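This report concerns a predicted model. Please examine the sequence and the structure shown here before reading on.

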Amino acid sequence: MNFTSYAFLFGFLPLMFLAYCCCPKQSRYLLLLTGNCVFYGLLDPRALMVLWAVVGLSFVAGKIIFVINHKRVWLVGSVVLLLGILGFFKYAYFGLEIASGLFGTTELLHGWEILLPIGLSFYVFNGLAYVADIYSQKAEPEPNFLRFASGMTFFASLLNGPLLLYSSIGSQLQTPEVSGHQIQDGIRRFILGFCKKVIIADAFAPLVRECFAVEASSLDIWFGAFVYSLQLYFDFSGYSDMAIGLALIFGIHLPENFNQPYAAKSITEFWQRWHMSLSAFLKQYVYIGLGGNRCGELRTYLHLLLTMLIGGLWHGANWTFVFWGAWNGGLLLLERWLGVKLKRPPPPVWYGITKMFLLVMLGRLFFIAPDLTTAFSYFAALTGEHGWWLGSNVVLLLTPERLLLLVVAVLLSFPWLTWLSPNRVVPLGLLANRAYLALLLPLFWLAIGLAAARQAVPFLYYRF
Amino acid sequence: MNKFLNFGFGLTLVIGLFGFLVGQDFTKHPWMVQTIGFANGLRYWLLATADDQVHLGSSGWLFLNQELKLPAEPIRNLETRASAVLSVAKILQARGTELIVVVVPNKSRIYQDQLGFALPKILQHGYSRWVQILGANQIKTVQLEVVFSKAAQQQQVFLKTDTHWNTAGAAIAARAVAQQIKTNNLTRASFVTRSHAAQPYLGDLIHLMGVAQLPPPFRPESELEISTSTKSLAVANQGLLAAPQSQVVLVGTSYSLRSNFGGALEQALGVRVANLAQEGSGFERSIRTFLQDRVLQDHPPKILIWEFAERFLYLPVEDSLSLP
């Protein structure tokens, strides 16, 4: 079920909320668990079994690691099993493709149609973080399996995150409080995310599709990469806003996932602001796990590169994501090297932001391409291989509505108010807040209409 | 125990209610229909934007985006379709039927000045390429493009808010088709065409925009359209019962079903026309139905008029385009 579907808005959400309010606090996690299963089961009942396998495995592994002496063996075993589940469902076909290429036969690919459960990468990583935290004694295992399952399968963050540390949600599930203030904040946040997704991100989807059509011109690709960067931000951050808002309505606090990423002045800063829960996971469990910056300069570079490669591969079983990870890893490495060796002072804000945005945009050519050949064809098209000017099909889609939304998206992506009046942030902020509140409900109403009026676009991160 | 029973009962109720609500199609509820309509209406009113299927031209002219969008390999698709027409012509020739091809030119080319958008060059020359291929293979093609371009300087030939031609355009097209057909060996009939009072008309493009139910500021203005209807009086020189029913057959798209084109064609020809056009036929559905019809195989017509819209020529060819 999709957060923007009417079945969710008018069916699942109000009913769950009503039942949740009526339910005794001590039993709310049971209701939540039931709701989570209904929510996920409606997408694909088979995927529900995979979810339960991951939850069960993480729970048992956590218990054993906590009490047993040979913790490392059990940690490695459970990590291998969890990654095995992820690997089988997400990467088995990719592995077979590579093997087919090596052996020069397509026989291996026949008869393989593997289910890819939505959100698998997210909940497997949640499970990994849980067992790793117990191993490193940062957290204790949850004694109640059903409570653990209700937290691990929490519908708000199950499909597209934010990635959760169970320790941060487990305590909130003991006796979750629902206060009027929280509900109000949650609804507001949910509406904000809903509008970001439906009004802005979905409007750009046909434009992006057309920009990256066959034989795209140079400007098609540049413009497409720009619009796609905005679409991805509003789509994914919209989802995160909805997830955080929904969780608040149910009395649960989820971590933030975005902090105006396009206002970053470097790639390093960008990754501290974009998909923050994944960045934090990769830093904590991969980069530091590998040794971080404690093993010398050269190893630090290697760890950085490996972390970003794993981050890339986490997004999908495709060479394009490996290259995308390498692109980001390479840039992080370069930035670090330039900072350490040349001791260059930080660049001016305008230069830093423009450079960062261009590099992120170019990296997204790997991210959006269905395969590596297509990705390289996009780079070739940038040089004007198929002409320079925008294609007629792209121009056709540049309606006044989209042009206005492009301006709005750019305005909302950057902290203009802070830049324009750094000393008068509070009054302008208040003004913006009041305008925002006055606009929110009519915008929500409009977005509800648009959700059906426009062609439905699934969340971009659903494929991960 | 009681607590758990109550909880279980509550849960079952919630899941039951939820199942009921999930099964509902909320988009069909009247209040949702209104909400969706107003969302579209606001986009039109405030931002002069329509659904991606419709392009807003100037002076109230609406165009179907499919006519303006350049698909991949348009000329190759056109040539594949031309080959299909040649194959059909051969089959028909074997049955003793003469084929007349009528391609309705894109409204967007006839009214390019209302587009506010430069049509891709390929789309401007595709029609002549089509006529050239068919002409080289001795297949009769009615060049409605020339006829409409000329007529459009005097009067409106397409509806402003609709994909299709208006009554005047349909009559002009019918006369142009009739000029290509020799009726000497056909049983003649008499027809009378009546004009009805002009009525406000909301075109299919307004419906496609999803704003048809809204008042004018939120949707394009409707236009006045005079409709006509044609009735046969009697078959000349023969009793009505003796008249052969399918000497001339018309297959094609919704164009043949709109604005009394079929009637105007009968009137212009002075011959009865069996109109087998189908709504949403696309390029090939109605001709496929015709070719597969057992009765028409046993009693083939003398003339088959095959109408379709120019925009279908360029669309990607589906696997199913093996007509004969």
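Where the two domains touch, domain 1 of chain A contributes 13 residues and domain 2 of chain A contributes 16 residues. On the domain 1 side, α1 (6–22), α7 (155–158) and α8 (166–170) of chain A each provide at least two residues.

Chain A also meets chain B, with 29 residues of chain A in contact with 31 residues of chain B. Two or more residues of the chain A side come from each of α1, α2 (28–41), α17 (392–397), α18 (400–413) and α20 (425–453) of chain A. The most is given by α1(A), with eight residues.

The table sets out the residue classes of two contact sides.

| Contact side | Nonpolar | Polar | Charged |
|---|---|---|---|
| Chain A, touching chain B | 21 residues | seven residues | one residue |

Helix α10 of chain A comprises residues 218–249, 32 residues in number. From its first C-alpha to its last, α10(A) reaches 46 Å, close to the 46 Å expected at 1.5 Å a residue. Of the 32 residues of α10(A), 28 are buried, and the helix is thus mostly covered. After α10(A) comes A:Gly251, with a positive phi near 80°.

Definitions and conventions. Residues numbered from 1 in each chain as written. Chains lettered and ligands numbered in written order. Predicted model: local features only at pLDDT ≥ 70, side-chain atom pairs only at ≥ 80, totals over all residues. Contact = placed C-beta atoms within 7 Å. Helix = DSSP H or I, 4+ residues; strand = E, 2+ residues; numbered from the N terminus. Nonpolar A, V, L, I, M, F, W, Y, C, P; charged D, E, K, R; others polar. Expected span 1.5 Å × (residues − 1). Buried ≥ 20, exposed ≤ 12 C-beta atoms within 10 Å, placed from the backbone.
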